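Here is a short tour of a structure, written for someone who likes to check geometry for themselves. Please keep the viewer open while you read.

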Amino acid sequence: MRIAIVGGGISGLATAHLCAARGHDVVLVDDAPAAGGLIASVRRDGFLCERGPQALLDGAEATRALIESAGLSARMLQAAPAARRRFVYVGGALRPFPASPPALFKTNLLSARGKLRLFAEPFIRRSAWDESVFTFVARRFGREAAERAAAPALIGVFAGDAAALSVRSALPRVAAMEREHGSILRALMRRKRDGAGLGHPVSFPDGLAELPSALARALGKRRHAGRAVEIVRYARGWRVITAAGASIEGERLVLATPAAATAQLLAPHAAEAAAAIRGITHAPVAVVCAGFRSGEGLGADLDAYGFVVARSEGVRLLGCQYETSVFSDRAPKGGVLLRGLLGGTFDPALVDADDATIAAQAIGDLRKVTGLARDPDFVDVWRARPGIPQYDLTHADRVRAVDEAVARLSGLAVIGNALRGVGVNDCIAAATRVAAAE
C-alpha cells in the first residue's frame with residue numbers, strides 16, 4: 001500500500017518509519033530543512049543545547065521498539081541519578097518535589113496541615129465529570145498540594161495553568177487511576193509494587209535529535225522536501241499538492257502537521273474538524289541555554305534534575321533544567337549547562353522580547369532562585385511558537401469532533417501533539433497505533 005505522510009516532526013517520521021517497516025510504500029512530505037520538528041539539538045562553543053524536548057522516557061514499549069528499529073539502542077544514554085531529585089521554588093525557597101507517595105509525608109513542600117490532609121485521599125469519592133487539574137488535585141489532596149505541587153509540576157510539561165487544563169485530557173493516566181482504583185495513592189503504591197512506571201529519562205550522545213535524524217536517514221529519498229498546501233480526494237485515495245506544484249498520491253494519508261497547518265489542509269473536507277483544531281490554544285515558550293566553562297564559583301547546588309517555579313513567587317522563569325547534572329557530556333569537561341524556560345500562558349509577551357532581554361531575565365531569576373553567583377560564558381536563546389498545545393476543559397469535545405469528521409473521510413488519519421499528548425512518547429504511541437492500523 002502507498003501511504004503519504006505530511007509532517008516531519010517525530011509523529012510523521014515515526015509513522016513513516018513504522019509503515020515502511022511493515023512493507024508499505026511510503027513518502028513523507030516535510031517543509032523543514034532539518035528533520036524533527038520541535039526536537040532540535042545544537043552544538044555551539046562546545047555546549048549541546050536542546051531547543052525542544054530534553055529527553056524521552058524509556059518505559060513505553062513503543063518507544064523502546066522505535067529506538068531499536070532506528071538502530072540507536074546502543075547509543076542510548078541513561079540520565080544520571082541526580083535526575084531523580086527535582087525541586088519546586090515556592091515560599092522563597094527550593095523545596096524537594098516528592099518522588100514517591102511516602103516522600104509526600106516527608107517533604108517540606110507541604111505544611112503539617114497539608115500533609116495531614118493527604119491521609120484523606122483514599123477516602124475521597126470518584127468524580128463522574130471532567131475537571132481542571134487544579135480542581136482534581138485540590139479535591140483529592142487538598143488546596144495546598146494543588147498550589148505548591150501539582151500546579152508547578154504541570155508548568156514543566158505544558159507551560160500552562162493547572163486551573164485551565166483538563167485532568168482527563170492533560171493527565172489521562174492520573175484520571176484513570178481514580179477511575180480504576182478509587183485512590184491515586186493506592187494506584188501509585190500498587191504501580192511501585194508491580195514495578196510499573198513511565199520509565200527513566202534517556203537521550204543520545206548528540207542529543208535527542210539523533211532519533212528523528214536516524215528516522216529521516218532511513219527514509220532517504222522517500223522524504224520529500226516541500227510544503228503541503230492542499231489535499232485532494234480522488235478515486236484511489238488522496239493527493240497532496242505542494243507549494244512547488246508537486247503532486248504526491250497515496251491510498252492512505254496521514255496528517256502529522258502542527259495544528260494550524262492541519263486545520264488549513266482539513267478545512268475543505270471537514271470544516272468542523274478544522275474549526276475544532278483552530279480552537280486549540282498554545283503556550284509560546286522561550287528557551288535560554290546558559291553555559292559555564294567551569295563549575296567553580298557558581299554558588300548553586302546543581303545536584304538535581306532542576307526545578308519549576310510556583311506562580312506566586314514573583315519570578316518570571318517557569319523552571320530550569322540542570323542539563324549537565326542529567327547528561328554530563330553536554331558541556332566541555334568541567335563545564336555546566338543550564339536550560340531555563342520562560343513565557344508560557346502566564347507571560348506570553350516575554351517570548352517576543354529580544355534575546356538580550358530574555359537572557360537577562362533568565363539569569364536574574366536564576367540568581368534569585370539558586371544563588372547563582374556569576375554570569376554565563378555562553379548564552380543561546382530560542383523561541384517555540386506557537387508553542388505547547390493547551391488541553392483545556394473543551395479539549396475532549398474538540399478531539400471527538402476531529403475523530404468523528406475524520407472517520408467519514410476514508411483513508412485519512414490525523415495525529416500530532418495538538419490532540420492526544422504533547423510529549424515525545426505520546427507522539428510515538430500515536431504513530432505506532434496508526435502504523436498498526438494500516
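Let us begin with helix 2 and helix 16, whose axes come within 9 Å and cross at roughly 80 degrees. This is a predicted model. Angles from 65 to 115 degrees count as roughly perpendicular, and helix 2 and helix 16 are therefore roughly perpendicular to each other.

Which residues meet where helix 2 and helix 16 touch? From helix 2 come Ala62, Thr63 and Leu66, and from helix 16 come Asn425, Ile428 and Thr432. Sorted by class, this contact of helix 2 with helix 16 has three nonpolar, three polar and no charged residues.

In soluble globular proteins, nonpolar side chains tend to be buried together. Here, the largest nonpolar core has 37 residues, and Ile10, Leu56 and Leu211 are those with the most contacts inside it. Two or more residues each are given to this core by strand 1 (2–6), helix 1 (10–21), strand 2 (25–30), helix 2 (61–69), helix 10 (210–219) and helix 16 (424–437). Helix 16 supplies the largest share, seven residues.

Apart from neighbours within four places in sequence, Leu56 is in contact with Thr63, Ile67, His200, Pro201, Val202, Leu208, Leu211, Val424, Asn425 and Ile428. There is also a second, separate core of 30 residues, which includes Val6, Ala228, Leu266 and Ala405.

Strands of a sheet pair through backbone hydrogen bonds, either parallel or antiparallel. In this model, an open sheet of five strands runs in the order 10-2-1-14-20, with parallel pairing. Its edges are strand 10 (223–225) and strand 20 (412–414), each of which pairs on one side only. Direction ignored, neighbouring strands of the sheet are turned by 20 degrees against each other on average.

At one end of that order, strand 14 (residues 252–255) pairs with strand 20 in the parallel sense over three bridges.

## A threonine in helix 11

Is Thr262 buried or exposed? Thr262 lies in helix 11 (residues 259–266). The cut-off for buried is under 20% relative accessible area, so Thr262, at 2% relative accessibility, counts as buried. Leaving out residues up to four places away in sequence, Thr262 touches Leu255, Thr257, Ile277 and Val414.

Note on methods:
Residues numbered from 1 in each chain as written. Predicted model: local features only at pLDDT ≥ 70, side-chain atom pairs only at ≥ 80, totals over all residues. Heavy atoms only, no water. Core = buried A, V, L, I, M, F, W, Y, C linked by side-chain atoms within 4.5 Å. Buried < 20%, exposed > 50% of the residue type's maximum accessible area, 1.4 Å probe, protein only. Helix = DSSP H or I, 4+ residues; strand = E, 2+ residues; numbered from the N terminus. Contact = heavy atoms within 4.5 Å. Pairing = 2+ DSSP bridges. Axes fitted to C-alpha atoms, helices over the stretch in contact; angles between N-to-C directions. Parallel < 35°, antiparallel > 145°, perpendicular 65-115°, else oblique. Nonpolar A, V, L, I, M, F, W, Y, C, P; charged D, E, K, R; others polar.
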